[in-house]
Amino acid sequence: MSMDSKANDPMLSKLESVCSDLKSLLQTSVSMETSLGKMDKKFDDIQETLTMASKRVAPLQSLSIAAKALDTRIHRAVSPALALLDSFKHSEALQGKLLELSSKLSNCKSPKRRAKTLIKYVDCVDKLNLAIDSISQEGEPAIQKLQEVVEFLSRTKATDQYRAHRLRDTLVTLKALYESEVDAMRFDGLLDEALLNLQDEYESILQQLRHRNLGEAADDSPDEIVASDLGSEAEVEVLRRISQTLAANDCLDICIDIFVKVRYRRAAKALMRLNPDYLRNYTPEEIDEMEWESLETSITLWILHFELAVKTVFVSEKNLCNKVLGNIMDGVIWPECFVKIADKIMAVFFRFGEGVARSNKEPQKLFKLLDMFDSLEKLKIEFAKIFEGEAGADICSRFRELEKLLVHASTKVFWEFGLKIEGNQDGLPPPRDGSVPKLVRYAINYLKYLATDAYSTSMAKVLRTEQIWKAGILSKPETEENLLKDAISNVMEALQRNVESKRSRYKDKVLPYVFAMNTYWYIYMRTRNTELGKILGEKYMKKNYKVVAEESAYLYQKQAWGALVRLLDKEETGRLNKEGIGVLLRGKVEAFMKGFDEISVRHRSSYSIPEVDLRGQIKEATINLVVPAYTEFLNTYSSVLQVKSYRSPESIEELLGQIFDSSDRTGDRKLAVSRRDLKDRSEGRNSVSVERSRDMKDFRRILSTTS
């Protein structure tokens, strides 16, 4: 190949270029290898130098680490000690502030400003207590850590003796300060004095919280009796804060004792302004010895005062207890405190009520027992709400026991009343003049009063409660209306048996009918169109009393005047001469006049018809019976008799009027009834005037039949 062809070959040119590059690369690699060798040598030199330096610096590093550890240990011990010293300084500052506030309190007269100052005083006491607690809690750990450092330094000699000595002196001083000052600050210092001052302030404020005059509340209607708040918001807030502060300083027992003692006295004093002297007599024996008027007044006052105590005094005291002590121990304490305040006062009310319920079961006590029962029933829900929870369980139990005693006493009084009537235990013979006996008057007025709206509901409830207790809750007792009707019917039947018993004791032939007529008519007329009559029913009243009274009136006329009128019957005179006829007729007239005078004397002295309407009808019927028969007799035999020598029919009629008018005066003179009976008679006339006229017509019809 020629030179020109080589030069012109591009492939060959590329190979030559690559070869040249490879040579350059090999030369560069050789140069780098030489340089790397030099660098390895330098690194070895540096490594040798560093190793030597490290060996020389190692002791200094250990000293540095040890110094840092020692610094940390000392700092951990000294920091709590410094904090303890700061707490001492803070407590000292608070004590100074406490003295300043105490001085302000002694000079503060305005109630509002005094309350605000007291709040600040309580805040300062709380802060001082926290500071002392902080010192007490942090002191021993701080001293312990400082003591450990001192022992460490002494053992390891990690510092010079001068510094170790100063640290040891600090430990001794701090330890002595802690041991001597902490107990002194808590028990003998300003904190203790401040707590005593707070107790005095607490008692003073509680003394100032007074109930409103209960005499004014007693004049309100039962629905208007409401409790009033005790103290202003500022006073209650001060009391609440003081209570919490005393509780936080282990004075909770003292706080409760002060609260209960002061508030009990205040509540008792409020009730004493009502003059409840009657509560001094509470045993059944003492109750039995009391005059009835006095006992009746005492029971009325007891009902009023019991309601006032529950609705005003105890509600106010409960609210105050809740506001002042409600935040202590999660609200567990205040209900017990309230019950302690109320317990002794309620015990006085309960024992009087129990004494009345256990006393002799006299009939007149029934209405006051029902009043007591009704008042407890009305208060039951509110009472249970006021004394709710475990704390008030005993008081609620005694409330229920009193109610139970009143139920038993009321039913027993009523049943014994019926038994006394039936057993004729009034101790009196039947009235000599045949008038209505006092027992009947008393019993009817008694039952009428019981049947009024004021007592019928309570009596029915008492009877139903007693029946449920005897038969069990699962039994099906009678309705209250039926129970009351049956109970009153039993007494009415007992009264009827009593009347029949007295009626049978008369020896006079006429008096039993006068007595029955008076008594049964009185019962019927005093009962109809009243609540008692509605309970018994008109059919029952007519059958048992009206009909019997009408029959007795018929028999009275037959027995008293029938024989006298029969003397004037026509005789068979056909066999007698004129002189014999005259003798016979004169004998009849003389016998008539003699009998008339005897009956007149008996009516004036022995027979009485006190009821005006009844007496008027009896008089009219008697005149219609006697006067026509006498007139007819005189007219028939006027030719034989010297009519002018005998009493005229008009004089006989006038004498009959005088007989019954004198009976009116006798009855009025002999009638002795209670004030309640007199009131009942007046009310009875007004309430049944229309019906009575109709009944008197019925009487007139029966008496005319007799004639």
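How many residues apart are D371 and K368 in helix 12? In this predicted model, D371 and K368 are three residues apart in helix 12, which spans residues 365-386, and so they are separated by about one helical turn. The side chains of these residues, D371 and K368, meet in a salt bridge, with an N to O distance of 3.3 Å. K368 has a relative accessibility of 9% and therefore counts as buried, the cut-off being under 20%.

Helix 12 also holds K378 and D374, which lie four residues apart, about one turn of the helix. The side chains of K378 and D374 form a salt bridge at 3.2 Å, N to O. K378 counts as exposed because its relative accessibility is 65%, and exposed means over 50%. D374, at 24% relative accessibility, counts as partly exposed.

Side chains of opposite charge can pair when their charged atoms come close. A search of the whole structure finds 18 salt bridges. One of them links the side chains of K311 and E307, at 3.0 Å from N to O.

K311 and E307 are four residues apart in helix 10, so about one helical turn separates them. Is K311 buried or exposed? K311 is buried, because its relative accessible area is 14%. E307 also has a relative accessibility of 14% and therefore counts as buried.

**Cavities**

The whole structure was searched for cavities of 30 Å³ or more, and three were found. The second largest cavity has a volume of about 50 Å³. Its lining is made up of S228, D229, L230, V236, S316, N319, L320 and K323.

Which helix gives the largest share of the lining of the second largest cavity? Helix 10, residues 292-325, contributes four residues, the largest share. By type, the lining of this cavity divides into three nonpolar, three polar and two charged residues.

**A nonpolar surface patch**

On the surface, L36, M39, F43, I46 and L50 form a nonpolar patch. Together these residues have about 500 Å² of accessible area.

L36, one of the patch residues, is found in helix 2, which runs over residues 10-107. The relative accessibility of L36 is 46%, so L36 counts as partly exposed.

Notes
Residues numbered from 1 in each chain as written. Predicted model: local features only at pLDDT ≥ 70, side-chain atom pairs only at ≥ 80, totals over all residues. Heavy atoms only, no water. Patch = residues over 30% accessible without salt bridge, like charges linked within 9 Å, V, L, I, M, F, W, Y side chains within 5 Å. Areas by Shrake-Rupley, 256 points an atom, 1.4 Å probe, with all protein chains shown as cover. Salt bridge = Lys/Arg side-chain N within 4 Å of Asp/Glu carboxyl O. Helix = DSSP H or I, 4+ residues; strand = E, 2+ residues; numbered from the N terminus. Buried < 20%, exposed > 50% of the residue type's maximum accessible area, 1.4 Å probe, protein only. 1 Å grid on protein atoms, 1.4 Å probe; cavity = no way out; pocket = protein on both sides within 12 Å on 5 of 7 lines; lining within 4 Å. Points joined across faces, edges and corners; volume = space filled by probe spheres on them. Nonpolar A, V, L, I, M, F, W, Y, C, P; charged D, E, K, R; others polar.
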